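Me: Could you walk me through a helix and its surroundings in this one? I'll ask, you answer.

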Amino acid sequence: GKERGLMKVLLINGSPHAAGCTHEALAEAARVLRGEGIETELIHGAAQPVRGCVGCGGCAGPHRCVYDDDVVNRCIEALAAADGLIVGSPVYYASPNGALLCLLDRLFYAGGCHAAHKPAAAIVSARRAGTTASLEVLNKYFALAQMPLVSSTYWPMVHGSNPEQVLQDEEGCAVMKELGRNMAWLLKSIEAGKLAGVPLPEEEPRVGTNFIR
């Protein structure tokens, strides 16, 4: 296990623009986390093309994707080493960036074993609308992987057409900072629980129920 003070949060930027609006929102949360003594690692998940999952099942044993020519396996390794996860995405057609969804499909299908009981949060950036629909899509990955969802004082979203406008969204930036503080608090609480001898929940045996006989 990790020693106290060495906790890390993985941040995945799902925008193809490495220094755009989504990055600015992630940076607000990351600054707070670092101020709380928690390390952060940022991966630009959509800066290069990302393959979609083909459902081959080849990841079942190694917990790595058979396709090793994009960022997904790096994300799996980073998630395994992290204590928490924040995923950021721009809003496109009332949904997250397609490249990010391809990444998350494969990340959780191949490397979901590294996700359970690690706090997670999604944040989104939009010019105007589609934000809550996008958050619902992203949060489902965490829910299916037994990741505690970190919330804030409002929906974790920022608005603007460029990073300068995002910084003018004072409420959105405050929500990001609050999310960082809540993430830090939950990480420290989980670590304190481990030190106090609180065990992780037992896993139920996996039963796949088919509806067609």
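Me: Which elements do the buried residues of H3 pack against?

Reply: This is a predicted model, where local features need pLDDT of at least 70, side-chain atom pairs count only at pLDDT 80 or more, and totals for chains, interfaces and linings use all residues. Residues are numbered from 1 along each chain as its sequence is written, and side-chain values use heavy atoms, with hydrogens and water left out. Buried means under 20% relative accessible area with a 1.4 Å probe, protein chains only, and contact means heavy atoms within 4.5 Å. The buried residues of H3, among them Leu100 and Phe108, pack against strand E1 (8-13), helix H2 (72-81), strand E3 (84-90) and helix H4 (131-144).

Me: Which residue caps the N-terminal end of H3?

Reply: Helices here are DSSP runs (H or I, at least four residues), and strands are E runs of at least two, numbered from the N terminus. H3 covers residues 98-111. A side-chain oxygen sits 3.3 Å from the backbone nitrogen of Ala99, and that oxygen belongs to the capping residue, Asn97.

Me: Why does Thr131 count as buried?

Reply: Thr131 is in helix H4. Leaving out residues up to four places away in sequence, Thr131 touches Val91, Val124, Ala126, Met157 and His159. Thr131 counts as buried because its relative accessibility is 6%.

Me: How many bridges join E1 to strand E2?

Reply: Two strands pair if DSSP finds at least two bridges between them. E2 spans residues 39-44 and runs parallel to E1. Leu10 stands opposite Glu41 in E2. The number of bridges joining E1 to E2 is 6.

Terms used. The expected span of a helix is 1.5 Å times one less than its number of residues. Buried means under 20% relative accessible area, exposed over 50%, partly exposed in between (1.4 Å probe, protein chains only). A polar contact is a pair of N or O atoms within 3.5 Å; within protein, one must be able to donate a hydrogen and the other to accept it, and residues adjacent in sequence count only if both atoms are side-chain atoms.
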